[in-house]
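Hi,

Here is the structure I promised to pass on. Have a look first, and my notes follow below.

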Amino acid sequence: MNRAQRGAAGSRGLGTMEVKSKFGAEFRRFSLERSKPGKFEEFYGLLQHVHKIPNVDVLVGYTDIHGDLLPINNDDNYHKAVSTANPLLRIFIQRKEDADYSAFGTDTVSRKKNVLSNVLRPDNHRKKAHVVISMPQDFRPVSSIIDVDILPESHRRVRLYKYGTDKPLGFYIRDGSSVRVTPHGLEKVPGIFISRLVPGGLAQSTGLLAVNDEVLEVNGIEVSGKSLDQVTDMMIANSRNLIVTVRPANQRNNVVRNSRTSGSSGQSTESSLPSSTPNVLGQLQGEEESDEEDIVIEDSGEPQQIPKAAPASESVESLSQIELLHESTQNGFLPSTENLSRSAGSISMECEVAEQGRKSLEEDGTIITL
Amino acid sequence: MRRFLRPGHDPVRERLKRDLFQFNKTVEHGFPHQPSALGYSPFLRLMAIGTRSGAIKLYGAPGVEFMGLHEENNTVMQIHFIPDQCQLVTLLDDNSLHLWSLKQQGGASELREEHRFTLKGPPGSPPSATQVTAVLPHSSREVLYLGTESGSIFVAELPWLRVLEGRTISPEAVLQRIPEDNCNRRSCELVEALQEHPKNPDQILIGYSRGLIVLWDLQSNQATQHFLGSQQLENLYWQRDGSKFISCHYDGSYTQWPVSSDNKQSEPLENTVPYGPFPCKAISKIYWQTTKNGLPYIIFQGGMPRASYGDRHSISVIHGSQQTAFDFTSRVIDFFIIFSSDPAAEFDDPSALVALAEEELVVIDLKSAGWPAVHPPYLASLHCSAITCSHHVSNIPLKLWERIISAGSKQNMHYSSMPWPIDGGTNIAPDPPQRDLLLTGHEDGTVRFWDASGVCLHLLYKLSTVRVFLTDADPNDNMNTLGEDEWPPLRKVGTFDPYSDDPRLGIQKIYLCKYSGYLAVAGTAGQVLVMELNDEDAEHVVDHAEADLLQDQEGYRWKGHEKLKTRDGPVRFEAGFQPFVLVQCQPPAVVTSLALHSEWKLVAFGTSHGFGLFDHQQKRLVFVKCTLHPSDQLALEGPLSRVKSLKKSLRQSFRRIRRSRVSSRKRRGAAGNASEVQEANAKFDQDALQEMELAPVQRKIEARSAEDSFTGFVRTLYFADTFLRDSSRHCPSLWAGTNGGTVYAFCLRVPPAERRMDEPVRAEQAKEIQLMHRAPVVGILVLDGRSTPLPEPLEVAHDLSKSPDMQGSHQLLVVSEEQFKVFTLPKVSSKLKLKLTALEGCRVRKVTVANFGSCKTDDYSENDLAVLTNLGDIQIISLPFLKLQIRYPCIRKEDVSGIASCVFTKYGQGFYLISPSEFERFSLSTKWLVEPRCIVDMPEVTSNNHMHNKSGTENAARKS
């Protein structure tokens, strides 16, 4: 829900947005509510619907403002596409079996060259591939330096994406003391430092953290005043998407900013210390939600991700399986097999309904003991 | 978007919160940790106990208690009540004296420190010159006599504690009147005892350490009589009429001396070594009590034969031909005798002996034949065997309460029927709102049932599970049986017995159903006992079953302890809770979770290997589930394979102890010197920081994975009647949460009551939820259609709760150490969450649903979660929206055992151990507050009548 809102906030125009979609030789034009683009799956279903290709697996791409053909395969790049479309969102659809992956990448559509402005973009969902972007389904967030535009140059905010890699996070922290400028002059205050990097770990292999870097924040929460154990617990609790703000021990490799307006986060708040970024906190936490879904196994069936419950107003009424099913069909599509988790979900729901039907028939009958 | 609203901006809610929540530490239950001094006022009939951490606690009639804390946190060495006053003086080991008063304030008495004072000598004198060794509050209530190591006796004026310079009794002045051939300057080193003449307040008896005793006249300022003891002096005691006194000595002897004004030097009347002829230990304190029948009571501490009984802690009572040496299991700190305080009475007629040992208080009835012990209504030794777990049950039905009391009274037959002799003050606290039970499980396999309704934590009943098992110890091995001619006539008293025969007997989990009287108890060696309350003795066979939690998994070796051997054939059980079913987990690992459903007659138990469900009606194992991850070798091998990490953990715990020692001194810093405490804390922090810089402590940052150790450890089990499979039909279910963040849900089929014995209980796994953050699951709860937690089993059947709402959809609350998550049911979709660790860096240690009532209106109450974190904070979190309501710091975060021992009640109170022997009681509720409220009235004093002074008891200085 908040994701949808953020998408809306980024969009420049109000009201509807025009979409021009090309599949093979056919074009379809339709409109989308710019403020409520919905989910990628819905959009995908919509595309299949308007092109009348309900059972064809396709790849979806769009051209961004620089004329690059970029893939749409998840909610984030879908929202990016919607928010940057001006005025028209141009969609290109390819059949999956005869897809040309090399089509994606920079300079692919209009050869308009403006690579430099892209280099320092903190947007990590897009590859700034000079050559070819890999298979869209392989896309995953990677570790990166973020929020360069809103942090002081002496600080560095690092996002370590554990998700999708087998590498351990691989670092240790320790207590220490650092010198701060306070109203009473220079003061020695306790601080938390990185004490060791495990060879081959995520922290070491990304090169974003180094021994003796001082940890200032963990996922937007200041660590000052917290004990080593508390900070350890915070980091482990956030380990799937860990965002650490550090003051690097080596200040010579700091990113020097030429243009401060190129960032996606909007206003520049360089003077602000880490403490004054509560909005960032909300954002950091929000983004993290997506990869934190728990898994449920129903009746020893297939594992599936736990979906978000419907908004509070709806969930007050009892949500039966049938209603849920109805809801998903109402969206106008059945997702492709590529979106395994979703489809598995609905399939197992169906099974459950059938099973329940059977059980209600033999109410006092036997239930198999494990 | 609701959950993104910042909390705390709703003024209505803020006001309501003030009516609902309030944090108070109300009372300390149990026995003071490390007592160091004892005092008694026969005038107020109050007893005072000082501790090594500088606390002072006053006790009178049950419910009458006061507590004070010296800012210095130094050991209290001596306590002396001022005669006929609500005042007392304490001497600390830093040589400071403190005057405390009981003052009435707002209808109740309070203990407050009034003045403090440290004796200062002339510049350049050694510290020993002013080291106070003996204190005598004079019956005139105007002065204190302070005997010192140098032999001088200083006089301090009350209540300001100012030294009256001119009145000091110096050794030189004393020696003036004593022939020099007998004494020299060294005879007057160190004042050991100071006693006022019982009939003549102008005379005091001064005993010096080397054996010289002098009767000093305060009017003429000179020694009127002196007594030359040949042995090192320990203590003195006046006979009631003042014609004789008795001295006790380092060699284990005591001597009677006559007092007459004609003789300047007296010879002893009698010199006895009660446990001679071989060398004996010192007699450190002695009482001489006269009776009507002429035979005195001689009561003394110590004096045992050095070689064979030198290690005993004893107090001997001699009355004519009767002689008993009460043998204590821990060191005797001090004792006093309660005797007739009527000034007109001719005889002492002692009624009770009150002895403070290091680990317990023992009171002996001296009036009844055989000198039986009196059951104390407070100061219970919670730790007579180490506490291993506790369980609280609120609002016990009267019927069950009476049955437990009657079972307990049969166990307490050997106690004296004497009413509690220390009965000063009046308890004016309102009656406790309900009957509450606190159950403590102990290392020796016992469960103790405490009345936790009010201020006095009182032992109701003690249950032992040992009889079910075959142990090495012979149950008939009675330490008390002694032959007729046994000498010395030792008799064991007290209950403190820290030695466990077999650690496997230790109790780990307790669950009591207050409606049915079913009790489930689980222990260290995987034993689970289900018991039923029986009002009669009975002999029966305990049904025995084994639960193999590994379920034929191969390649696993259990290297831990063996399971307990069971007794074959019928076992005799005394009235009370009697076991009828024993389930033993295999491997016999410690039981980590337990749940009992008395309506379905099912008991569920979990260990580090898995969990099982047992039908205690049909006495049949329903199912077991192994929760082990295949790679988790460590969990299987048992405790022995962890030797490597033992060294490290030992080092860590030593570090922790060292640190907590420093900070425990400040645990109850008075509000007045907050800045001082802050300063001290800052300094401590700085020191700690420096220490860290010397040896940096590292912490590994790593995501949890399924391969981590002990992921299969079952942390919580929960029974619920809810919608597990579909939203139209609810069914019984069992939920289990593990250390690795997995929740298992089993659908149960319990046959209807009429066919309960005919059809088997069936179970089928319905759901398995894996929390992605993989933190240990510490609580599972189902909320009904009105978002109210489901009631306890049988609660509805007894009309004590509304039936749960089965119309609306149910919700599942899973509490892990890091997050609170609400899911919908039956389709598990996540609805709400509160991430505690990610935001605050603290983890959930304990969580309970508590009901909070408003103090303003009777008709409003709500359910919230009471949460204790690993930082020792208590947080209240609302249901079902998971909003943090309020947070209170409660326990120091270094106090790991305190945090681990915390137990919440259903009505927003709680207990945690502040020492092995003391529970601190706290309250989070404005409505339910159990705290002492009492009043001590000054009895009428007839002025200028010092003749009834009983300061003898008060002045007996502590010896150790």
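Helices (H or I, at least four residues) and strands (E, at least two) are DSSP runs, numbered from the N terminus. Bear in mind that this is a predicted model, where local features need pLDDT of at least 70, side-chain atom pairs count only at pLDDT 80 or more, and totals for chains, interfaces and linings use all residues. Residues are numbered from 1 along each chain as its sequence is written, chains are lettered from A and ligands numbered from 1 in the order in which they are written, and side-chain values use heavy atoms, with hydrogens and water left out.

Now the hairpin in chain B. Strand β48 (residues 610–615) of chain B pairs with β49(B) in the antiparallel sense, over 6 bridges. B:G610 has B:C626 in β49(B) as its bridge partner. There are 4 residues between the strands, and B:K619 in this hairpin takes a positive phi near 55°. Strand β49 (residues 620–626) of chain B is mostly covered, with 5 of its 7 residues buried (under 20% relative accessible area; exposed is over 50%, partly exposed in between; 1.4 Å probe, protein chains only).

As for chain B overall, it has 10 helices and 66 strands, and 58% of its 960 residues count as buried.

Over in chain A, A:V179 sits in strand β8 (residues 171–182). A:V179 is exposed, with a relative accessible area of 55%.

Cheers

Methods. Two strands pair if DSSP finds at least two bridges between them.
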